Number of protein chains: 2
Amino acid sequence: MKLEAFTVDNIPLIKKGDDLAEIISNNIELDDGDIAVIASTIVAKSEGQVFKLEDINPSENAVRIANKNRFNPAFVQAVLNRSRECLVESPIMLVETYNGNVCINAGIDDSNIEKGFILDLPENPDESAELIGSRLKELTGKQLGVIITDTNGRAFKTGQTGVAVGVYQLPAIKNWRGETDLYGHALEITEEAVADEIAGTANLLMGEGDGGNPVIIVRGMNILTEEKRTVKEMHRPDDEDIIKKGLRCLNQSNS
Amino acid sequence: MKLEAFTVDNIPLIKKGDDLAEIISNNIELDDGDIAVIASTIVAKSEGQVFKLEDINPSENAVRIANKNRFNPAFVQAVLNRSRECLVESPIMLVETYNGNVCINAGIDDSNIEKGFILDLPENPDESAELIGSRLKELTGKQLGVIITDTNGRAFKTGQTGVAVGVYQLPAIKNWRGETDLYGHALEITEEAVADEIAGTANLLMGEGDGGNPVIIVRGMNILTEEKRTVKEMHRPDDEDIIKKGLRCLNQSNS
């Protein structure tokens with residue numbers, strides 16, 4: 001078995017209204033089964049998710065958090081606007097977004113964007129993946145999957161990894177339930193985070209900053225499906241999440 | 001840029017004393033720069049880290065935790081023996097091992113092993129990676145890296161991913177500090193968890209259970225180094241770890 005991942009070269013600076021599927025299919029020959037892994041930054045730019053900090057009015061709460069962290073209050077307000085819950089306020093802001101992903105700053109980015117502006121995540125990354133994926137299929141006639149990625153930190157470990165924030169025609173989680181191990185026992189470890197692992201693979205080639213490659217093709221995975229899938233299938237149910245409970249405990253004891 | 005990952009076929013069932021480097025180099029042609037990604041299970045088996053549950057005497061504490069979780073008390077004792085701290089006791093055991101990795105059950109495995117036995121992780125996976133790596137270089141004359149992997153769960157999300165528990169001649173973390181973004185700003189996101197991303201890539205091909213492929217070659221990464229590196233470089237310092245603080249808060253409020 002073999003998996004390949006390669007960069008799509010010659011992707012220009014993306015601006016609002018650009019047709020990413022057309023740009024990708026003009027720059028690479030796609031095969032049936034390929035997965036196009038696309039950095040959320042260029043999806044957000046093509047969708048016009050760029051905001052001017054000075055247009056955002058910070059609330060009292062945003063000013064309070066900004067003072068703790070020496071952040072720009074308008075930036076804090078932008079993060080709060082995208083967040084269902086702020087799990088950690090300081091020294092970083094760890095939030096659960098309305099899409100259900102738990103991450104720093106709700107995925108809002110102030111790098112790779114002009115000074116004074118911020119770049120939000122696509123509003124519904126699963127839908128963005130579907131739009132780009134169906135357009136790619138229309139242009140190429142191939143069976144394709146799409147993953148939209150961001151980089152997130154991890155619990156207990158430093159370093160960022162690529163993660164899937166949107167998927168199209170592939171599962172976020174692969175279920176191994178019912179298979180047996182080498183000795184015939186039923187497997188207990190039954191779920192593999194395949195979309196995040198593919199996002200991590202792509203991130204190895206995406207790089208950061210001005211040498212970055214925002215589109216990676218992953219070939220050889222054989223996991224495409226016609227079913228509608230979503231990144232939400234990997235969000236741990238709130239009442240089973242011990243780590244969230246711990247962070248809430250800390251917030252209560254600090255307040 | 002292109003990355004390839006492929007399985008090494010014909011790896012036999014591994015037993016104590018087997019020379020993994022010889023088995024790998026007999027079954028695949030390696031190139032300079034290749035990274036051999038090896039499942040910790042076969043490293044542990046070759047090192048004889050197999051224990052009989054009935055030889056382990058559970059303490060009172062182990063019996064108490066076992067009763068909460070309906071676990072085998074001897075299994076719980078084995079987990080405690082490998083753990084510096086038990087962050088969560090129930091319904092799962094989330095511990096920090098003496099090697100500094102935070103994971104479920106200290107990485108001890110009761111699948112892919114005969115009934116009544118458990119398989120521990122290698123005692124020092126960085127050292128195991130070095131032993132296998134230097135032997136591989138001796139046998140092949142190539143510059144190679146080694147990653148020993150396990151599968152771990154994640155915070156906030158379901159699903160397991162491949163993670164690096166030992167590295168040889170490659171960094172666990174790649175530092176992007178000092179580089180600039182597309183608009184010339186200094187990058188804030190400066191650390192990438194490359195070893196874990198490569199482990200995740202390999203895990204996409206390793207599979208689980210009786211169809212598993214315990215050795216994967218990753219080619220095209222260009223990140224090997226002569227420096228001594230360790231997975232410990234990605235363990236977040238205890239006093240900066242808000243999630244650990246939260247779990248301790250929860251333990252205190254429950255006790």
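The model in the viewer is a predicted one. Viewed along the line joining the two helices, the crossing of helix 6 of chain A and helix 6 of chain B is left-handed.

Next, show the side chains at this crossing. From helix 6 of chain A, display A:Val194, A:Glu197, A:Ile198, A:Gly200, A:Thr201, A:Asn203 and A:Leu204; they meet B:Val194, B:Glu197, B:Ile198, B:Gly200, B:Thr201, B:Asn203 and B:Leu204 of helix 6 of chain B. Coloured by class, the residues of this contact divide into 6 nonpolar, 6 polar and 2 charged.

Move to chain B and select residues 60–69 and 73–81. These are helix 3 and helix 4 of chain B, whose axes come within 8 Å and cross at roughly 120°. The crossing of helix 3 and helix 4 of chain B is right-handed. On the helix 3 side, B:Asn61, B:Ala62, B:Val63, B:Ile65 and B:Ala66 meet B:Pro73, B:Val76, B:Gln77 and B:Leu80 of helix 4. This contact has 7 nonpolar, 2 polar and no charged residues.

Return to chain A and select A:Arg70, in the loop between helix 3 (60–69) and helix 4 of chain A. Phi of A:Arg70 is near 55°, a positive value in a residue other than glycine.

The next stop is A:Arg82 with A:Asp120. Their closest N and O atoms are 2.6 Å apart, and the two residues form a salt bridge. A:Arg82 lies in the loop between helix 4 and strand 4 of chain A, and A:Asp120 in the loop between strand 7 and helix 5, so the pair ties together parts 38 residues apart in sequence. Over all chains, the whole structure holds 42 salt bridges.

Finish at the loop between strand 4 and strand 5 of chain A, where A:Pro91 lies. The peptide bond from A:Ser90 to A:Pro91 is cis, with omega near 5°. In chain B, select B:Pro91 in the loop between strand 4 (83–88) and strand 5 (94–97); a cis peptide bond joins B:Ser90 and B:Pro91, with omega about 5°.

Note on methods: Residues numbered from 1 in each chain as written. Chains lettered and ligands numbered in written order. Predicted model: local features only at pLDDT ≥ 70, side-chain atom pairs only at ≥ 80, totals over all residues. Heavy atoms only, no water. Left-handed = near helix turned anticlockwise from the far one by under 90°. Helix = DSSP H or I, 4+ residues; strand = E, 2+ residues; numbered from the N terminus. Contact = heavy atoms within 4.5 Å. Nonpolar A, V, L, I, M, F, W, Y, C, P; charged D, E, K, R; others polar. Axes fitted to C-alpha atoms, helices over the stretch in contact; angles between N-to-C directions. Salt bridge = Lys/Arg side-chain N within 4 Å of Asp/Glu carboxyl O.
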